[in-house]
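Hi there,

Here is the structure I promised to pass on.

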Amino acid sequence: MKKIGLIGGITWQSTQLYYQLLNTMMAEELGGQSSCHCIIESVNFAEFSKKQAAGDWDALHKEMTNIALRLQDAGAEIIVICANTMHLSAPIMKKSLTVPVLHIVEVIGKAIQAKGCKKVLLLGTRYTMEMDFFKDILRDQFGIEALVPNKNDRDTVHNIIYNELAKGVIKDESRKKYVDIIKKGEKEGAQAVILGCTEIPLLISQADCDIPAFDTTKEHAKAAVEFALG
């Protein structure tokens with residue numbers, strides 16, 4: 001079994017989902033008392049959030065690269081970033097690493113492509129929805145068009161992530177807001193929805209959606225287990 005290096009804390013709420021999924025999936029694959037061989041470095045999300053809001057991405061890229069190098073030095077054979085937004089740092093990180101970074105967008109792109117969907121609704125942080133890194137990979141590598149909600153709905157999605165889900169706060173009224181936004185996307189031609197923030201599965205699941213829902217956290221963890229056992 002290969003060792004997985006996790007960059008967590010972005011936020012710890014989703015990092016615990018990763019840990020649970022990795023160990024559960026490994027036990028399902030190997031049986032008995034099997035669990036995942038992994039190491040985690042968890043950051044202070046408050047510091048990351050401030051730098052994100054200030055647009056200080058260069059500082060974040062540097063910090064992410066340094067964390068990945070420490071994980072690599074500790075024996076990690078692949079790096080898993082437990083967040084969608086911070087995959088903005090992946091191209092910079094790869095330049096300094098000798099081990100691969102398991103890119104969450106490439107993982108979800110393969111999953112969507114396998115289902116034959118060509119147009120999807122992308123939900124995530126403001127940065128994930130409004131910057132191009134996620135949408136460009138889906139378009140260029142998989143031929144998938146990603147729609148995003150309107151400005152007001154993007155603010156709603158983002159604020160629920162940062163003010164509620166990041167703190168472990170789950171509200172039925174927020175779930176309803178997400179469901180309504182997903183329904184709007186469906187009317188605009190979305191064949192599926194990407195839960196493109198690793199905290200969103202805390203609030204929304206396939207049971208809440210009339211169209212296929214692609215859980216980036218679950219798919220990312222599954223791909224990490226496949227690598228570890230490959």
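First, a definition for what follows: a residue is called buried under 20% relative accessible area, exposed over 50%, and partly exposed in between, using a 1.4 Å probe and protein chains only. Please keep in mind that this is a predicted model, so local features need pLDDT of at least 70 and side-chain atom pairs count only at pLDDT 80 or more, while totals for chains, interfaces and linings use all residues. Residues are numbered from 1 along each chain as its sequence is written, and side-chain values use heavy atoms, with hydrogens and water left out.

**Salt bridges**

I took a salt bridge to be a side-chain nitrogen of Lys or Arg within 4 Å of a carboxyl oxygen of Asp or Glu. By this rule the count is eleven. One of them pairs K119 with E145, with the closest N and O atoms 3.9 Å apart. This pair links distant parts of the chain, since K119 is in strand β4 (residues 119-123) and E145 is in strand β5 (residues 145-147), 26 residues apart. Helices (H or I, at least four residues) and strands (E, at least two) are DSSP runs here, numbered from the N terminus. E145 is partly exposed because its relative accessible area is 41%, and K119, at 26%, is partly exposed too.

Two other bridges sit within helices. R139 and D136 are both in helix α7 (residues 133-142), three residues apart, about one turn of the helix, and their closest N and O atoms are 3.2 Å apart. R139 has 47% relative accessibility and counts as partly exposed; D136, at 26%, is also partly exposed. In helix α9 (residues 172-187), D180 and K176 are four residues apart, again about one turn, and the closest N and O atoms of this salt bridge are 3.1 Å apart. Here K176 is exposed, with a relative accessible area of 53%, whereas D180 is partly exposed at 31%. There is also a network: salt bridges that share partners join R126, K151 and D155.

**Cysteines**

How many disulfides does a search of the whole structure find? It finds zero, a disulfide being a pair of cysteine sulfur atoms within 2.5 Å. For C82, the nearest cysteine sulfur is that of C38, 9.1 Å away. C82 counts as buried because its relative accessibility is 0%. C209 is in no disulfide either, and the nearest cysteine sulfur, that of C117, is 13 Å away. C209 is buried as well, with a relative accessible area of 8%.

**The core and a loop proline**

In soluble globular proteins, nonpolar side chains tend to be buried together. I defined a nonpolar core as a set of buried Ala, Val, Leu, Ile, Met, Phe, Trp, Tyr and Cys residues joined through side-chain atoms within 4.5 Å. The largest such core has 83 residues, and those with the most contacts inside it are I4, I7 and I79. Contact means heavy atoms within 4.5 Å. Leaving aside neighbours within four places in sequence, I7 is in contact with residues including E41, M64, L71, I79 and C82.

P100 lies in the loop between α4 (90-94) and α5 (104-115). P100 is partly exposed, with a relative accessible area of 38%. Not counting residues up to four places away in sequence, P100 touches E77, I78, I79 and F227. The C-alpha atoms of P100 and I78 are separated by 5.1 Å, although the two are 22 residues apart along the chain.

Best wishes
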